[in-house]
Amino acid sequence: MKKRIAGILISILALFALSGCGKEKDISYVDEPATTSDAATASVLHRNYEVTDGLLTFTVDADVDTSLSAQSSPVVKVSRNDYTKDDMKRIADAIFDAGSYALFLPYVLRPDEEVKSACADMQEKIAQYNDSADIPYSLLQEYYIAQQCMENDNVVTPIHTDGSLKWYRFTSSENTDIYTNFCVIKGTISQKPYYLSFIQTDVYCTMLLHTIYEPYIQYPQYYDTYANPLYENESYSDECQYSKEESKAMVLDTLQTMGISDYTITDVQKAQTIKPDYEITKDGEIIASDSSNDGYSYDSYLLYGGRNVDGIAPVHTDFNFCRELVSGTIGENGSSNDSYTNARYGYEAIFANVGNDGINYLVIQNPMKVEEVLETNAQLLSFDQIDAIAKDYISKFDGTTLPFSADNTYKIKEIQYGLIRLFDEESDSYMYIPAWYYMIDGESLSSPFCTFSPYVIISAIDGSIYHDYNGNIN
């Protein structure tokens, strides 16, 4: 028998969350009356049990803090809120040293004569350093990329600008239907060179503050590969001078300077940066070499965050922080299939990397704005009900989307409360609702690099299972 939790919330879910593929989906409500009694009487619960589906085994051993769910359970409607040229000017004025910034056109999009002139200027700057070790890394990298553009014939039609801060368009020479709007600004922050890039397509919008020059502005993916989170390991040396709290404060202070205050840092991980080494020849040529290390070390931190609504934010996972989403259906076996069509706007999130020189990059992707607060304190299921749903889900789950485990066993040591974002294709809008995340623990993985995978995310309102790869629930 289906139960109503609260009239307004049932309407909200029916209208906004259940039309992911253009047709109504069924939601199975828990038969017991919804309650928050366990959250009110015990802020910390412990769950310890093992469940198997015959192939995979899950061991749950986690403390669960239910106090936040008793205090905050908002439901809000949000919409896409891309950066405007006024935003670009406002943020640049706030973040850069006065008079230090200007429009920066990527070398791949400049006329050949401009690239040659820029290379000559940078070569002159580099020659002023007596010791090559003193040359700023960003200068070497930019010179190397400009040099490559000068040596290779560009197939991209150059863009001519008037120097104003606004959206410019890059169109692929192979497919004119593929385009990217962009604006790159270069300046200094406390005398340190930085780039501020804005990138917009039909499926995502991103702002990046970065010291590492990104030549492929139509594919801003360097922040996915430049730094990698590592699992805690006593054998790895720790070379970062900052603490996790200092790194977090640095990022939040920078966001505040930009006038951005509606995000929360939810996760901080030790990381190792990967970047090429540059060598200068006698002829002034820059040569890049592989800088992959023989071992692993912590030289920076990776920080993740999301929208804050009444004190809670989305929990970081490798799925629901991704930049782009696609719509479509999922096969009966739970895996993705060829029915994915029509690119969809990605998840709102923050990524940042902080090293010994401060912020290496800070990414704010897919900004949203709150259109309407639909509920300030939604009625929630008790955690006992949520956990019963989780156990049932484990026994039927085939593990298709889980990271590799050599012995088919997984540990869940974290059960977290946070927001999830649902998508409604018909109205092209989104909704944040509270949910419970059961997170796979890293000890079951064979790689030194962290993955952040949930085995299940459950709506705290009605127990629906959330599919974080496409933003739907059922």
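Analyst: Strands are DSSP runs of E with at least two residues, helices are runs of H or I with at least four, and both are numbered from the N terminus. The model used here is predicted.

User: What is the phi of Gln191? Is Gln191 buried or exposed?

Analyst: Phi of Gln191 is near 70 degrees, a positive value in a residue that is not glycine. Gln191 counts as exposed because its relative accessible area of 66% is over the 50% cut-off. Ser190 belongs to the hairpin of E6 and E7, which has two residues between the strands, and takes a positive phi near 50 degrees.

User: How do I read the pairing around E7? How many bridges join E6 to E7?

Analyst: For a pair of strands, read the direction, the number of bridges and an example of facing residues. E6 and E7 run antiparallel and are joined by nine bridges, with Gly187 having Tyr194 in E7 as its bridge partner. On E7 there is a further pairing, with strand E8 (residues 205-210), antiparallel and over six bridges. There, the bridge partner of Ser197 is Leu208 in E8. E7 and E8 make a hairpin with four residues between them. E7 is mostly covered, since seven of its nine residues are buried.

User: Which strands form the hairpin that holds Gly284?

Analyst: Gly284 is in the hairpin of E12 and E13, which has five residues between the strands, and its phi is positive, near 85 degrees. Strand E12 (residues 277-280) pairs with strand E13 (residues 286-289) in the antiparallel sense over four bridges. Tyr278 stands opposite Ala288 in E13.

User: Do E2 and E21 run parallel or antiparallel?

Analyst: Strand E2 (residues 57-65) and strand E21 (residues 409-424) run parallel and are joined by four bridges. In this pairing, Val60 faces Ile412 in E21. E21 also runs antiparallel to strand E22 (residues 429-440), with 12 bridges between them. Asp424 has Ser429 in E22 as its bridge partner.

User: Next, side-chain contacts. With which residues does Asp299 make polar contacts?

Analyst: First place the residue, then list its partners with distances. Asp299 is in the loop between strand E14 (297-298) and E15. At 17% relative accessibility, Asp299 is buried, because the cut-off for that class is under 20%. Its side chain has a polar contact of 2.7 Å with the side chain of Thr273 and another of 3.2 Å with that of Ser300. Ser300 has a polar contact with Asn353 as well, side chain to side chain, at 3.0 Å. Asn353 lies in strand E18 (residues 349-355) and is buried, with 0% relative accessibility.

User: How far apart in space are Val115 and Gln147?

Analyst: Compare the separation in sequence with the distance in space. Val115 and Gln147 are 32 residues apart in sequence and 7.9 Å apart from C-alpha to C-alpha. Val115 belongs to helix H5 (residues 112-127) and is buried, at 1% relative accessible area.

User: How many disulfides does the structure hold?

Analyst: Zero disulfides are found. Among the cysteines, Cys240 is buried at a relative accessible area of 11%, and Cys450 is buried at 10%.

User: Last, cavities. How many are found by a search of the whole structure?

Analyst: The general idea is that a probe the size of a water molecule, rolled over the atoms, shows where empty space is left. Here the search finds two cavities of 30 Å³ or more. The second largest cavity has a volume of about 50 Å³.

User: Which residues line the second largest cavity?

Analyst: Its lining consists of Pro314, Asn320, Phe321, Tyr347, Glu348, Ile420, Arg421 and Tyr432. By class, the lining divides into five nonpolar residues, one polar and two charged.

Methods. Residues numbered from 1 in each chain as written. Predicted model: local features only at pLDDT ≥ 70, side-chain atom pairs only at ≥ 80, totals over all residues. Heavy atoms only, no water. 1 Å grid on protein atoms, 1.4 Å probe; cavity = no way out; pocket = protein on both sides within 12 Å on 5 of 7 lines; lining within 4 Å. Points joined across faces, edges and corners; volume = space filled by probe spheres on them. Nonpolar A, V, L, I, M, F, W, Y, C, P; charged D, E, K, R; others polar. Disulfide = S-S within 2.5 Å. Buried < 20%, exposed > 50% of the residue type's maximum accessible area, 1.4 Å probe, protein only. Pairing = 2+ DSSP bridges. Polar contact = N/O pair within 3.5 Å; in protein donor to acceptor, adjacent residues only side chain to side chain.
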